[in-house]
Amino acid sequence: MKQQPTLTRRALLALAATGTVAGLTGFSGAALAQGNYPDRPITLIVSAAPGGTTDIAARLIAQPLSQALGQTVVVDNKPGASGGIAAQAVARAKPDGYTLLLQYSGFQAITPHVTQNLGWDPIKDFAPVANILSAPQVVVVRPDLPIQSLKDLVAYAKANPNKLNYASSGNGSLQQVATELLNQMAGTQITHIPYKGTGPALNDLLGGAVDMTITTPPPLLGHIAAGKLRALAVTGDKRLPSLPNVPTAAEAGYPDLIVSSWFAMYAPAGTPKPVIDKLTGEIAKIMKTEEFRKKAAEQGAEAEYMDPAKLGAYTQEELDRWGKVVKAANISAN
C-alpha cells in the first residue's frame, strides 16, 4: 500500500488559518489548540477575596490541576461588584483556555437579578467547565452575644429591631439572600453590611464590628472549634459531619431555610471545545480521588463534579430559581 504523505506542523498551521485542514484531514484549529494546550501558565480568576469558600475551592483545584496539565495554574483574586469585576475580566478575555473563572453561585445566579447595568451575562458570556464544590450555609454569631440558638437569635432580633447586623460577601450574594429570607420568615430586622468577599466579612465579624453571618463552612470551622464563633444552625437538609452538634434550620424551626452554595469553573464563551474537554476531563479525574474528596469534606464542603452540559443547565436552573426568591423577598443591590 502506498504511504500517504504527512503534513508538517507548520503546514497544518498554515492550512488551519485558511480553514483547509478540516476539509483535508478532519483536523481543526481547535484540535491543534488542544494538542498544544496548555503551553504556558493558566490564570484562574477568583470572584472573591482570599479566605472564603470561593478562594478555598480555587486553591483546592489549582494545585492538582497544575500537576495534571504540566503548567502552573495561578490563582488571581479579583473581588468586588458582587462578582462582577472577576466575571467581566474573564468574559472579555481571549477564549483560549488561559483565563478561567472560579465563580460563586450567589454571584452567578443572584447578582444578575439585583444589579442594573450588569455588564456581563451569566449564560452568554461563559462556557461551563466543571462544578468543583457544593456546601450548605451555617448561621454563626459572635460568642459574646446572649444567643445560643436560632430561636434565641430571632427572639433577640425581634426585641432589638435593627440593632443586629450581618456581614455578607457582597450585595447579591447568597449570604444576603439567606439572611433576608430569615428576616422575611421570622419577621426580624437584621441590617445588611456588604463586603468584598467572605474573608473581609469574617475578619470584621471576628473583630466584633458585625454581629453575625450566614456562609459556607470552610472558612468557619476553625473559628467555631476555637470558640471564636458560635454556630446556630446549618441550612442543609442534614447535619454536617464536621459540625455534628449543630442542628439543621429545619430542626431549629425553619424548614424552608434550605440554602446551599456551589463553586464552579467557567471559561470565556467561544473557548474551543477540545480545550474545555481537556480541562473538565482532568478536573473529573482529580475530583474522583480520595485525597481531593477528603480535603473538601474537611472543609465542610462536598466535592460535587458537574460536566459542562450539566453545569450549563444547572446554572440556568439556579438563575430561574433565585430570580423568583429575590423578587419575592424584594432584595436589591442596595
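The largest cavity holds about 90 Å³ of space. Lining this cavity are 14 residues, and Thr54, Tyr104, Gln175, Thr198 and Phe263 are the closest to its centre. Before looking further, keep in mind that this is a predicted model, where local features need pLDDT of at least 70, side-chain atom pairs count only at pLDDT 80 or more, and totals for chains, interfaces and linings use all residues. Residues are numbered from 1 along each chain as its sequence is written, and side-chain values use heavy atoms, with hydrogens and water left out.

**Empty spaces**

Rolling a probe the size of a water molecule over the atoms shows where empty space is left. On a 1 Å grid over the protein atoms alone, a cavity is a set of points where a 1.4 Å probe fits but cannot get out; a pocket is an open set with protein on both sides within 12 Å along at least five of seven lines; and lining residues have an atom within 4 Å of a point. A volume is the space filled by probe spheres set on the points, which are joined across faces, edges and corners.

Here are three of these spaces, with lining residues sorted by class (Ala, Val, Leu, Ile, Met, Phe, Trp, Tyr, Cys and Pro are nonpolar; Asp, Glu, Lys and Arg are charged; the others, Gly among them, are polar).

| Space | Volume | Lining by class |
|---|---|---|
| Largest pocket | about 540 Å³ | 11 nonpolar, 6 polar, 7 charged residues |
| Largest cavity | about 90 Å³ | 4 nonpolar, 10 polar, no charged residues |
| Second largest cavity | about 30 Å³ | 3 nonpolar, 6 polar, no charged residues |

In the largest pocket, Ala135, Pro136, Lys238, Ser260 and Glu302 lie nearest the centre. The second largest cavity has Gln175 and Thr198 in its lining, among others. Its biggest contributor is α10, with 3 residues.

**Aromatic rings**

A pair of aromatic rings is described by the distance of the centres and the angle of the planes. Rings of Phe, Tyr and Trp (its six-membered ring) pair if their centres lie within 6.5 Å; planes under 30 degrees apart are stacked, over 60 edge-to-face, and the rest tilted. The structure holds 6 such pairs. Tryptophan 120 and phenylalanine 126 make an edge-to-face one, 6.1 Å centre to centre with 75° between the planes. Is tryptophan 120 buried or exposed? Tryptophan 120 is buried because its relative accessible area is 5%, where buried means under 20%, exposed over 50% and partly exposed in between (1.4 Å probe, protein chains only). Phenylalanine 126, at 6%, is buried too. Elsewhere, ring pairs join Tyr104, Phe107 and Phe263 into a cluster.

Notes:
Helix = DSSP H or I, 4+ residues; strand = E, 2+ residues; numbered from the N terminus.
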